[in-house]
Amino acid sequence: IGLSCMGSISPVREITKYEKMRCAGSIPPHAKYSGYAYPLAGVGQLTDDQVANLDFNNAAHSFVGFGGFVYFDATGIALQINAIDNGPGLNFDGPHSLPRVVLTALRAQGRMQPVTAKPLRAT
C-alpha cells in the first residue's frame with residue numbers, strides 16, 4: 001500500500017494487572033512490560049482507494065491502521081502484539097478536555113500523536 005515501515009511506541013511500562021485481567025485482555029502470562037505501538041507513519045495520508053485495499057479483519061492490517069499493544073518479558077524481548085480492531089471491547093466516551101498539566105506532560109514525553117483513523121477524525 002506504499003507505507004513506510006516506520007512507527008513509534010509509547011514509553012514502556014510495567015504491567016500491574018491481576019491474572020484474571022491478563023487473561024481477559026489476552027496478555028501473555030510472562031509479560032512484564034507493555035507499550036502502545038502507534039499506527040504506522042503515513043497511514044493518515046492513505047487515499048480512499050488504498051484504505052479500501054486494507055482488510056481490517058486481518059490483524060496485520062488492523063495493526064497498520066490502528067496500532068496495538070506490545071508485550072515484553074523481563075529482558076525486553078517482545079512476546080506478543082495485540083492489534084486494535086473494529087470489534088467490540090474498546091469504547092470511548094466524550095470528548096473530554098484534558099487538564100493542561102496532563103496535556104503538557106504528554107506533549108513533553110512525545111506521547112501526543114495525530115489521529116489517523118478517519119472515523120475518529122470526523123467526530
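The buried residues of helix H3 are covered by elements that include strands S2, S3 and S4; buried denotes under 20% relative accessible area, exposed over 50%, and partly exposed the range in between, with a 1.4 Å probe and protein chains only. Helices (H or I, at least four residues) and strands (E, at least two) are DSSP runs, numbered from the N terminus. The model is predicted, so local features need pLDDT of at least 70 and side-chain atom pairs count only at pLDDT 80 or more, while totals for chains, interfaces and linings use all residues. Residues are numbered from 1 along each chain as its sequence is written, and side-chain values use heavy atoms, leaving out hydrogens and water.

**Helix H3 and its packing**

- Ser 62, Val 64, Gly 65 and Phe 66 are the buried residues of H3.
- Viewed down the axis of H3, these buried residues fall within an arc of 165 degrees, so they line one face of the helix; the arc is that of the directions from the helix axis to the C-beta atoms.
- H3 (residues 59-66) packs on the sheet and touches S2, S3 and S4, where contact means heavy atoms within 4.5 Å.
- The direction of H3 makes about 80 degrees with that of S4; axes are lines fitted to C-alpha atoms, for helices over the stretch in contact, and angles run from 0 to 180 degrees between N-to-C directions.
- The C-alpha atom of Gly 65 is separated by 8.4 Å from that of Gly 44, 21 residues apart along the chain.
- Gly 44 is located in the loop between S2 and helix H2 (48-52), and Gly 44 is buried, with a relative accessible area of 16%.

**The sheet**

- Four strands form an open sheet in the order S1-S2-S3-S4, with antiparallel pairing; two strands pair if DSSP finds at least two bridges between them.
- Strand S1 (13-14) and S4 are the edge strands, each pairing on one side only.
- S3 and strand S4 (residues 78-83) run antiparallel and are joined by five bridges.
- Within this pairing, Gly 68 stands opposite Ala 83, and Phe 69 has Asn 82 as its bridge partner.
- S3 and S4 form a hairpin with five residues between them, and Gly 76 in the turn has a positive phi of about 95 degrees.

**Aromatic residues**

- The structure holds two aromatic pairs; rings of Phe, Tyr and Trp (its six-membered ring) pair if their centres lie within 6.5 Å, and planes under 30 degrees apart count as stacked, over 60 as edge-to-face and the rest as tilted.
- Tyr 36 and Tyr 38 make an edge-to-face pair, at 5.3 Å centre to centre and 85 degrees between the planes.
- Tyr 36 and Phe 69 have ring centres 5.2 Å apart and planes at 65 degrees, so this pair is also edge-to-face.
- Tyr 36 belongs to S2 (residues 33-37) and Phe 69 to S3 (residues 68-72), so the pair ties together parts that are 33 residues apart in sequence.
- Tyr 36, Tyr 38 and Phe 69 form one aromatic cluster.
- Tyr 38 is buried at 12% relative accessibility, whereas Phe 69 is partly exposed at 34%.

**The protein as a whole**

- The protein has five helices and four strands, in the sequence pattern β-α-β-α-α-β-β-α-α.
- Of its 123 residues, 25% count as buried.
- Of the contacts with a separation of 6 or more, 61% are between residues 24 or more positions apart.
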